[in-house]
Amino acid sequence: MTESDDDAAGRPTHVAVVIPAKDEAERIEATVRAAGSIPLVDLVVVVDDGSTDATAALARGAGATVVRHRTNRGKAAAMVTGAQVVAMREDAERADGGEGFVEELHAEPRMPGHTGPLPVIGAAEATPRALLFLDGDMEGSAAAAEPLVDAVLRDGVDMAIALLPPQDGAAGFGIVVRTARTGIERATGWAPQQPLSGTRCLTRELWEECQPLAPGWGVETSLTIDALTGGFWVTEVPCDLHHRATGKDLRGQLHRAAQLRDVVRALARRRRVRPPEIEADARG
């Protein structure tokens with residue numbers, strides 16, 4: 001599709017990165033800079049989800065727009081906050097006029113007591129940015145999320161999910177992954193390879209239609225099910241991304257237990273998402 005065709009179809013032309021982060025002071029600067037280097041990314045938002053270190057300050061110093069939760073509210077809440085910040089930024093850009101700023105002088109109508117021409121300020125309606133969710137510990141590898149952006153902005157995918165290579169130090173038993181995969185397949189007929197992958201790029205239409213999100217670590221599972229049952233185009237895309245893996249120690253086991261709990265709760269949800277209105281399906 002040409003650029004004009006994209007505009008006509010209401011497809012996004014730029015991307016906002018949202019990075020939920022908690023106590024990622026050692027890695028957040030590199031992650032923000034790498035995320036900002038992805039072509040067509042013009043906004044990076046870091047949601048500091050109750051960190052006790054310098055995550056927020058370092059992210060701001062690296063060029064991100066930062067918002068903080070005073071206490072840890074969980075991944076889903078951080079994602080929602082980040083998307084809200086992006087929407088607020090876009091509202092401010094539209095109010096400011098943006099690139100489509102137009103100022104005209106009209107002699108009529110006149111306000112009582114006003115003798116000069118009235119300024120009329122307007123801005124072309126802009127398509128909302130796509131959202132790219134990244135983990136705060138990806139460091140320089142975050143730039144490898146570019147194929148997800150290409151899938152959404154160039155190929156017309158509604159949600160592109162990252163397929164990560166094997167991660168050093170990963171030591172899970174696969175119980176949570178199998179539970180999520182089986183649940184998604186039963187609900188939609190599609191069995192994703194990495195159902196828990198949180199690195200994904202999606203259109204704002206899909207994002208809005210899938211609200212409210214399932215809480216906690218069940219967010220990816222519910223987002224995938226809601227998107228597919230709503231008629232959106234979802235696919236997995238290989239990306240050479242790397243992050244800190246969860247080990248087999250007590251902390252890692254508690255993390256997986258919380259994941260399993262939230263995934264089971266997400267699978268128990270019964271929702272109906274409105275399918276998108278598509279005038280002509282060019283996807284084949």
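Select C210 first: with a relative accessibility of 1%, C210 counts as buried, where buried means under 20% relative accessible area, exposed over 50%, and partly exposed in between (1.4 Å probe, protein chains only). Next select C201, which is buried too, at a relative accessible area of 0%. The structure holds zero disulfides, a disulfide being a pair of cysteine sulfur atoms within 2.5 Å.

Before going on, note that this is a predicted model, in which local features need pLDDT of at least 70, side-chain atom pairs count only at pLDDT 80 or more, and totals for chains, interfaces and linings use all residues. Residues are numbered from 1 along each chain as its sequence is written, and side-chain values use heavy atoms, with hydrogens and water left out.

**The whole chain**

Zoom out and colour by secondary structure. The protein has nine helices and nine strands; helices (H or I, at least four residues) and strands (E, at least two) are DSSP runs, numbered from the N terminus. Of the 284 residues, 43% are buried. Accessible surface amounts to about 14800 Å², and 52% of this belongs to carbon and sulfur atoms; the areas come from the Shrake-Rupley method with a 1.4 Å probe, and for residues only the protein chains shown count as cover.

**The cis bond**

Go to the peptide bond from Q211 to P212, which is cis, with omega near -5 degrees. P212 sits in the loop between α7 and α8 (219–229). Most residues other than glycine have a negative phi, and most peptide bonds are trans.

**An aromatic pair**

Select F133 and W207. Rings of Phe, Tyr and Trp (its six-membered ring) pair if their centres lie within 6.5 Å; planes under 30 degrees apart count as stacked, over 60 as edge-to-face and the rest as tilted. The count by this rule is one aromatic pair. F133 and W207 form a tilted pair, 5.2 Å centre to centre with 35 degrees between the planes. The pair links distant parts of the chain, since F133 is in strand β6 and W207 in helix α7 (residues 204–209), 74 residues apart. Both F133 and W207 are buried.

Now select M138, in the loop between β6 (130–133) and α5 (146–153). Is M138 buried or exposed? M138 is buried, with a relative accessible area of 2%. Show its surroundings: M138 touches T31, T199, L241, H242 and H243, not counting residues up to four places away in sequence. Contact here means heavy atoms within 4.5 Å. M138 and L241 are 103 residues apart in sequence, yet 6.9 Å apart in space, C-alpha to C-alpha.

E139 is in the loop between β6 and α5 as well. E139 has a positive phi of about 50 degrees although it is not a glycine, and at 34% relative accessibility it counts as partly exposed.

**Another positive phi**

Move to L40, in the loop between α2 (28–36) and β2 (41–49). L40 is not a glycine, but has a positive phi of about 75 degrees. Its relative accessibility of 43% makes L40 partly exposed.

**Helix α6**

Last, select residues 175–188, helix α6. At 1.5 Å a residue, its 14 residues should span 20 Å, and its end C-alpha atoms are 20 Å apart, which agrees; the expected span is 1.5 Å times one less than the number of residues. Which residues of α6 are buried? They are V176, A180, G183 and I184. These cover an arc of only 100 degrees around the axis, so they lie on the same side of α6; the arc is that of the directions from the helix axis to the C-beta atoms. After α6 comes G189, with a positive phi near 90 degrees.
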